[in-house]
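Visitor: Could you walk me through this one? I'd like to start with the sheet.

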Amino acid sequence: MSGAVPIVLAGARGHGRWHLDNIRRLRDKGIVRPAGICELTPLSEDELPEGLGSPEQSADFGALLDSTGARVAVICTPIPTHTDLALTAARKGVHLLLEKPPAPSYAEYRRMADGIAAAGVACQIGFQSLGSHAVPAIRTLMAEGAIGEITGIGAAGAWARPESYYRRAPWAGRRRLNGVDVIDGALTNPLAHAVATALALNGTVRAEDVTAVETELLRANDIESDDTSCVRVGTAQDRPVVVAATLCAEDPDEPYAVVHGDRGRITFWYKQDRVLLQRAGRGPEESEYGRTDLLENLVEHLVDGTDLLVTPEVTGAFMKVVEAIRQAPDPVRLPAGAWRLLPDEQRRVVPGIDGLVAAAADTLALYSELGAPWAAPARTNEVST
């Protein structure tokens, strides 16, 4: 393949704007050509980043792939549409960057992954944190025994979202819409990177690496899905992975994963590619790492055979967690006294949740085990593959 790779973006508003800017960046490097944008309503000139050019626009994804001769498609559309759009591209021989979460259920994920494999196209799943050079560096530290025997992995995400966040789209904050799975919860969408990163650090990447999932799903907002949640994942590596998250933080902060060893710990702020190594008998060591862009990695794979960083198969463990959340009882509504509204920001906060999220990642315990009065005991989902 020679010259710039023609690319189509499906879903250019919302988070898709980030992809538009990234495609423009790669266009400036001469490695992609923005060929098309698929949106139900075409983007105005004001919505197109300066320097992007005038890509063809259409609401018909398949027709747009045909008319533009696209070699790569980026899919950043509502979660329930991912599988069908990915398979449309795959059947046309178009390679893919598919946004996370790859699908709303394990069955839909398998249908997508199997269809892509049968078509013989390349697919990258958009867990950008897994492009961080910190991930292999941390794995090396773990393997070398820098913090002794690994006892588990925790992750914490204390974020905030206004009530309007759940009105941004018909599927926002929903578990199902018109009978179709959506599963737009804290752990499966906005803080999905916390789950995927913690699992990856543990080496728990394939579906068969997950042996059980305990879930505690709660909501302060008037939504169907969860906004305050935690899970504990049993793994084939015989080490627990605990992820705690909220979109109702009092003081939102950077999410992180922490590797626990019997002689120290490694903390990874995955959005910042920043790592803190703390071990017995030594002072703390902080490092910052670079990051490989996943779309750029996909193009390099097509051009010179560079290994893909995040194939569908290495998101199987993440999808087992999504499936456990999908099959769990609907999230428990927090009692009125457990949350309050910040009028200036029009968002709901759960007093004390910031500390609980951090404590869960620190102790590998669930909210109910930490004494949260509003948390029901976890429901365990045994996982079979």
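Visitor: What order do the strands of the open sheet come in?
Guide: The 6 strands run E3-E2-E1-E4-E5-E6, with parallel pairing. Strands here are DSSP runs of E with at least two residues, helices are runs of H or I with at least four, and both are numbered from the N terminus. Two strands pair if DSSP finds at least two bridges between them.

Visitor: Which ones are the edge strands?
Guide: Strand E3 (56–58) and strand E6 (123–125), each of which pairs on one side only. From one strand to the next, the twist averages 20°.

Visitor: Before we go on, what kind of model is this?
Guide: This is a predicted model, where local features need pLDDT of at least 70 and side-chain atom pairs count only at pLDDT 80 or more, while totals for chains, interfaces and linings use all residues. Residues are numbered from 1 along each chain as its sequence is written, and side-chain values use heavy atoms, leaving out hydrogens and water.

Visitor: OK, how many bridges join E1 and E2?
Guide: 6 bridges, in the parallel sense. Leu-9 stands opposite Ile-37 in E2, and Ile-37 also has Gln-57 as its bridge partner in E3. E2 and E3 pair over 3 bridges, again parallel.

Visitor: And is E2 mostly covered or mostly open?
Guide: Mostly covered: 6 of its 7 residues are buried. Buried means under 20% relative accessible area, exposed over 50%, and partly exposed in between, using a 1.4 Å probe and protein chains only.

Visitor: What do E1, H1 and E2 make together?
Guide: A right-handed β-α-β unit. Right-handed means that, with the strands pointing away from the viewer, the path from the first strand over the helix to the second runs clockwise.

Visitor: Which residues of H1 are buried, then?
Guide: Gly-16, His-19, Leu-20, Asn-22, Ile-23 and Leu-26. Down the axis of H1 they fall within an arc of 170°, so they line one face of the helix. That arc is taken from the directions from the helix axis to the C-beta atoms.

Visitor: What covers them?
Guide: The cover includes strands E1 (5–10), E2 (32–38), E4 (72–75) and E5 (95–98), plus helix H7 (294–304). Contact means heavy atoms within 4.5 Å.

Visitor: What comes after H1?
Guide: Gly-30, with a positive phi near 80°.

Definitions and conventions. Axes are lines fitted to C-alpha atoms, for helices over the stretch in contact, and angles run from 0 to 180 degrees between N-to-C directions.
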